[in-house]
Amino acid sequence: MTGQGQSASGSAAWSTVFRHVRYENLVAGVSGGVLSNLALHPLDLVKIRFAVSDGLELRPKYKGILHCLTTIWKLDGLRGLYQGVTPNVWGAGLSWGLYFFLDLFLGCLERHMVPFSLWHMNC
């Protein structure tokens with residue numbers, strides 16, 4: 001009989017925690033990660049182009065950030081500035097979405113595991 005009582009109180013505790021979970025945090029994290037990545041990907045591409053510029057004649061030489069951006073734009077257009085963006089968008093969206101969701105969820109879970117006299121379940 002104590003097993004059923006513990007199970008009922010355990011499920012009540014979990015339902016209390018899940019009641020405070022906000023899925024909006026997951027959506028906010030995903031959208032923030034995706035939008036920031038889309039906005040800053042051309043600069044990341046420039047960084048990579050400078051990193052692999054090893055002096056070979058096969059690769060174009062750039063004089064600076066603006067020269068690199070304009071050269072890529074002239075050669076490949078907008079598509080050139082966003083080469084390789086798909087894996088970055090997936091990674092950033094997933095990581096930031098899970099971060100926002102789990103950070104707030106685990107914080108709420110932690111507060112509910114502390115005796116109720118210390119926290120008043122304000123998640």
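Two residues are in contact here when they have heavy atoms within 4.5 Å of each other. Among contacts in the protein chain between residues at least 6 apart in sequence, 68% join residues at least 24 apart. This is a predicted model, so local features need pLDDT of at least 70 and side-chain atom pairs count only at pLDDT 80 or more, while totals for chains, interfaces and linings use all residues. Residues are numbered from 1 along each chain as its sequence is written, and side-chain values use heavy atoms, with hydrogens and water left out.

The protein chain holds four helices and zero strands, counted as DSSP runs (H or I, at least four residues, for helices; E, at least two, for strands) and numbered from the N terminus. Of its 123 residues, 25% count as buried, meaning under 20% relative accessible area with a 1.4 Å probe, protein chains only.

Now for helix H2, residues 24-52. H2 bends by about 50 degrees at Leu40, with a proline, Pro42, following within four residues; the bend is the angle between axes fitted to the seven residues ending at a position and the seven starting there. Buried residues in H2 include Gly29, Gly33, His41 and Pro42.

H2 also meets a partner, H3: His41, Pro42, Leu43, Leu45, Val46, Arg49 and Phe50 in H2 touch Ile65, Cys68, Leu69, Ile72, Gly80 and Leu81 in H3. By class, this contact of H2 with H3 has 10 nonpolar, two polar and one charged residues (nonpolar: Ala, Val, Leu, Ile, Met, Phe, Trp, Tyr, Cys and Pro; charged: Asp, Glu, Lys and Arg; polar: the others, Gly among them).

How values were computed: Axes fitted to C-alpha atoms, helices over the stretch in contact; angles between N-to-C directions. Buried < 20%, exposed > 50% of the residue type's maximum accessible area, 1.4 Å probe, protein only.
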